[in-house]
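Here is a short briefing on helix packing and side-chain interactions. The structure comes first, then the points by topic.

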Amino acid sequence: MVVPDGYKNTYLIYLLNEYIGKSTIIFTRTCAHAQRTALLARILGFSAIPLHGQLSQAQRLGALNKFKSGEKSILVATDVAARGLDIPSVDLVINYDIPTDSKAYIHRVGRTARAGRSGKSVSLVTQYDLELILRIEKVIEKKLPKDTPNKNEILALHNSVDRATAEAVTKVKEFHNRRKK
């Protein structure tokens, strides 16, 4: 899905609304993005939990168990969750950030449609990601199909998503400031 720069969060929330109640993994490039994106989703009423390398082992296992049990329907993760974890049923994988490594892309999208089940993968592609997508297409020897959703529907969400994003950024900063004291 080609996304105008500055609208990535709006497109993400649009997708979460479209697939509400589905088991979803959102992949981000950094721990900070995973934390902020999970918070954004929670502020907007989605059942999301982060999973990344800056969490303790107990926190990671807790997040994974909440996702696997269905207590949380959205897992926002770095590539720490791209391979090696037993997550049997994932309906949707969203590449919020396009991975710089083509193999990571393959592992990420391989989290869905396992063991004969169906699943879907959506990558949010900005103008800055085109080179990465071309590299991935070359490695997988396949042109990725483009999805063009209703832009008016997405733009209608933009103001509320922007406010929630600002709130999420503020909360993350407050958390880090408290930790430093």
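Five salt bridges turn up in a search of the whole structure (a side-chain nitrogen of Lys or Arg within 4 Å of a carboxyl oxygen of Asp or Glu). The model is predicted: local features need pLDDT of at least 70, side-chain atom pairs count only at pLDDT 80 or more, and totals for chains, interfaces and linings use all residues. Residues are numbered from 1 along each chain as its sequence is written, and side-chain values use heavy atoms, without hydrogens and water.

**Charged side chains**
- Arg108 forms a salt bridge with Asp79, with the closest N and O atoms 2.6 Å apart.
- Arg108 lies in helix 4 (residues 102-109) and Asp79 in the loop between strand 3 (74-77) and strand 4 (92-95), so the pair ties together parts 29 residues apart in sequence.
- The charged end of Lys8 sits over the ring of Tyr96, 4.7 Å from its centre (NZ of Lys or CZ of Arg within 6 Å of the ring centre and within 35 degrees of the ring normal).

**Helix packing**
- The axes of helix 1 (residues 8-18) and helix 7 (residues 158-180) come within 9 Å and cross at roughly 110 degrees.
- Helices here are DSSP runs of H or I, at least four residues; strands are E runs of at least two.
- Contact (heavy atoms within 4.5 Å) involves Asn9, Thr10 and Ile13 of helix 1 and His158, Val161 and Thr165 of helix 7.

Note on methods. Axes are lines fitted to C-alpha atoms, for helices over the stretch in contact, and angles run from 0 to 180 degrees between N-to-C directions.
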